[in-house]
Amino acid sequence: MVVLNPRPDVVATREQQREKSGYGEWDIEGLCASFFEETSHIGLWLDTSELSPEETVEAILHRRHDARVR
């Protein structure tokens with residue numbers, strides 16, 4: 001299992017660059033905090049804040065053993 005987990009400020013910036021709103025009325029910082037705190041940390045949690053899509057794929061493939069759920 002892989003969780004892409006960029007910082008809230010990065011999520012907000014990416015959201016502003018989209019034509020559609022993926023979060024609507026949700027508070028991005030609060031949503032990110034709740035998700036991080038309330039979700040079991042199993043598999044690979046990857047901070048993609050500074051990664052391009054290509055680098056994200058590379059990191060997932062490189063760390064695929066961390067993504068295994070037993």
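User: Why is Phe36 called partly exposed?

Analyst: Phe36 has a relative accessible area of 42%. Buried means under 20%, exposed over 50%, and partly exposed in between, with a 1.4 Å probe and protein chains only. The 42% of Phe36 falls in between, so Phe36 is partly exposed. This is a predicted model, in which local features need pLDDT of at least 70, side-chain atom pairs count only at pLDDT 80 or more, and totals for chains, interfaces and linings use all residues. Residues are numbered from 1 along each chain as its sequence is written, and side-chain values use heavy atoms, with hydrogens and water left out.

User: Where is Phe36, and what does Phe36 touch beyond four places in sequence?

Analyst: Phe36 is part of helix H2. Not counting residues up to four places away, Phe36 touches Asn5, His41 and Trp45; a contact means heavy atoms within 4.5 Å. Phe36 and Asn5 are 31 residues apart along the chain, with 8.4 Å between their C-alpha atoms.

User: Why is Val11 called buried?

Analyst: At 8% relative accessible area, Val11 is under the 20% limit and is therefore buried. Val11 is in helix H1. The C-alpha atoms of Val11 and Gly43, 32 residues apart along the chain, are separated by 21 Å.

User: What makes the buried residues of H1 line one face of the helix?

Analyst: In H1, Val10, Val11 and Glu15 are buried. Seen down the axis of H1, these buried residues fall within an arc of 140°, so they line one face. The arc is that of the directions from the helix axis to the C-beta atoms. On the other side of H1, Gln16 and Gln17 are exposed. Helix H2 (28-38) is included in what covers the buried residues of H1.

User: How many helices and strands does the chain have, and in which pattern?

Analyst: The chain has 3 helices and 2 strands, and along the sequence they follow the pattern β-α-α-β-α. Both are DSSP runs numbered from the N terminus: helices are H or I with at least four residues, strands E with at least two.

User: What is the average pLDDT of the chain, and which element has the highest mean?

Analyst: The chain averages a pLDDT of 91, and 96% of the residues score at least 70; pLDDT is the predictor's confidence in each residue, from 0 to 100.

User: How much of the chain is buried, and what are its overall dimensions?

Analyst: Buried residues make up 21% of the 70 residues. Taken along the principal axes, the C-alpha atoms fill a box of roughly 35 × 30 × 15 Å. Of the contacts with a separation of 6 or more, 58% are between residues 24 or more positions apart.
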